[in-house]
Every structure is written in C-alpha cells, then in structure tokens.
Amino acid sequence: VVRLAAAREIQRPRFEDMKVSLDYGYNTASGVITGTGGNPYLRPYRAWAADLNFEKYFGTKGYVSLQLFAKKLQSYVYRETAAFDYTGLPVVLPPGVTDPDGTLTRPVNGKGGKLYGFEVAGTVPFDIIMPALDGFGLTGGVGYTKTSIKPGVGAASEDLPDYSRWVANGTLFFEKWGFNARASARYRSAFVGQFVGFGGERELRRALAETIVDAQVGYDFQKGSALDGLSLFVQGQNLTDEPFVSVDTGASIQVRNYQSYGRRFMAGFNYRF
C-alpha cells in the first residue's frame, strides 16, 4: 500500500501567549524599564505538510512500513525582547529618571522553520520465519526528526522545542494458549523542552535522553472454563528506575530538574460478560 498526502495546516497560538496584560517595572541593574507580557495580535501557526507512506502486509498478522514526512513552517511563535515605549503607562521611576523607553519580552510571529524525517515501524510474528516460534513476535518502530527555526532576524538556527532527534520503541511478546507476556522499551534522545519557570513563565531547558522499560505477564481463561471471560495480569513500569533530567541550555552540567519517580508494580484483572 502506498499513500501520499498533502495538507495546509493551521494551529491557534497558546492562550497565555495572546493575553493583553503586561508585567513591568524599573530595572535598577540595567537602568531601564523592563517587562513581559502577551500579544493579542498573534497570527496562527501555519505550515505546508506532505507525507509519503509505504506499507507491506503479511497475511493478517504482520506488516512493515516506512513513512516520510516534511513540513514547511510559514509562521510560528517565539518570544522576543525588543524596545518598547511605556509612555502613558503607570511606572514608578527613581528620582531624576524620566525616560519612558525600555524593553518588553513577548511572543511574536516568526518565519522560516522546517521539519522533516522518517519513521520505520512494523509487527513481525515469528511464525512466518519458523513455525516452531508460533506465538512469539516483535512490534515497534524507529523515528528520526530534524527541525530548524530561526527566531528573529539574523538569529542562529535552533531546534523546535519538544522534538527529539531520535525516538524508538519495541515490544517483544508471546501470546498463545491464553498466556501473554511482553517486555517493552521506549527511547527518546535529548531535546529542548518547554518548562514552567519562575513566576509561571515558560522557559527552555534541555531534557536529557531516557530509556523506559516496562513488562507485563497475564493469562486469559479459555472458553469452556468456569472462569471464561476473566483475565489476570501483573505489570511492572519503569523497571530500571530511569530518572527524568533537564539541564540549562547554555550549561550542560547545570542540572535544573531531576525527577526520580521510581518503579511501579500493579496487579489486576478484567472480566468480559
């Protein structure tokens, strides 16, 4: 199966980016008025996008696929610090200071971004390789995404926030005679993420790579059994106790956030009737 798609995409800016309010005051360190705020005149995110998929199916159980994708950003939102005239706004200034000019940091529309990459995915039952492996299989995928934006005139190219260069997941499973067992791993490479900083303002930090390992074992009672319809399972999540760590974008050894949320174990049941 081959699929080709093209689209014109529009997305509303964040609501907090479109707020009309300003927070400002006289900065004694810089000697000017500085402030932060929203921008109610923001235009939506706009992009042209294209996808090309190749899919191959094996009977009713397996498949492999390749997805190619590209996106041309015509408008995106980033925060910019620019000169601002505070004339007419109530500002408390030190004695002898009358200059109403200062700086304001707020969201504005930028241009020239791009995003492209590929994803390989599939599900392979091992019995198509060897009949003795009936019930065993593997499912998962690997994706690569390259992003680039230039926030401001003459600014250096940067990655789009929240996009990892590499992501991968895989699950090895066994399903037969009512038994089911699976072990899964999810990997995400380092990325620039948006975090809530001081005063509720969003700030950029670099989240480090992480690998999460989960597992599950269960049993489904078969037809004819007195417990037909009952399923039992035991799960283990984050078995390697992988922490979530973010660092300062300008200093990779400065840890800003370290969350160790531990392993989780659960047992439960489902019943169909």
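Predicted model: local features only at pLDDT ≥ 70, side-chain atom pairs only at ≥ 80, totals over all residues.
**Aromatic pairs.** I searched the whole structure and got 13 aromatic pairs. I started with Tyr 24 and Tyr 86: their ring centres sit 5.2 Å apart with the planes at 45 degrees, so I logged the pair as tilted. This pair joins distant parts of the chain, the two residues being 62 residues apart. I found Tyr 24 in strand E2 (residues 22–27), and Tyr 86 in the loop between strand E5 (62–85) and strand E6 (101–110).

**Buried or exposed?** I looked up both tyrosines. Tyr 86 has a relative accessible area of 1%, so it goes down as buried. Tyr 24 comes out at 28% relative accessibility, so I put it down as partly exposed.

Next I checked what else Tyr 86 pairs with, and Phe 84 turned up. That pair is edge-to-face, with 4.8 Å from centre to centre and 75 degrees between the planes.

**Charge over a ring.** I then looked at Phe 191 and found Arg 188 over the face of its ring, 3.8 Å from the ring centre.

**Surface patch.** Last, I looked for nonpolar side chains on the surface. One patch there consists of Phe 58, Val 64, Ile 128, Ile 129, Met 130, Leu 133 and Phe 136. Together they have about 610 Å² of accessible area.

Methods
Residues numbered from 1 in each chain as written. Heavy atoms only, no water. Phe/Tyr/Trp six-rings, centres within 6.5 Å; stacked < 30°, edge-to-face > 60°. Helix = DSSP H or I, 4+ residues; strand = E, 2+ residues; numbered from the N terminus. Buried < 20%, exposed > 50% of the residue type's maximum accessible area, 1.4 Å probe, protein only. Lys NZ or Arg CZ within 6 Å of the ring centre and 35° of its normal. Patch = residues over 30% accessible without salt bridge, like charges linked within 9 Å, V, L, I, M, F, W, Y side chains within 5 Å. Areas by Shrake-Rupley, 256 points an atom, 1.4 Å probe, with all protein chains shown as cover. Salt bridge = Lys/Arg side-chain N within 4 Å of Asp/Glu carboxyl O.
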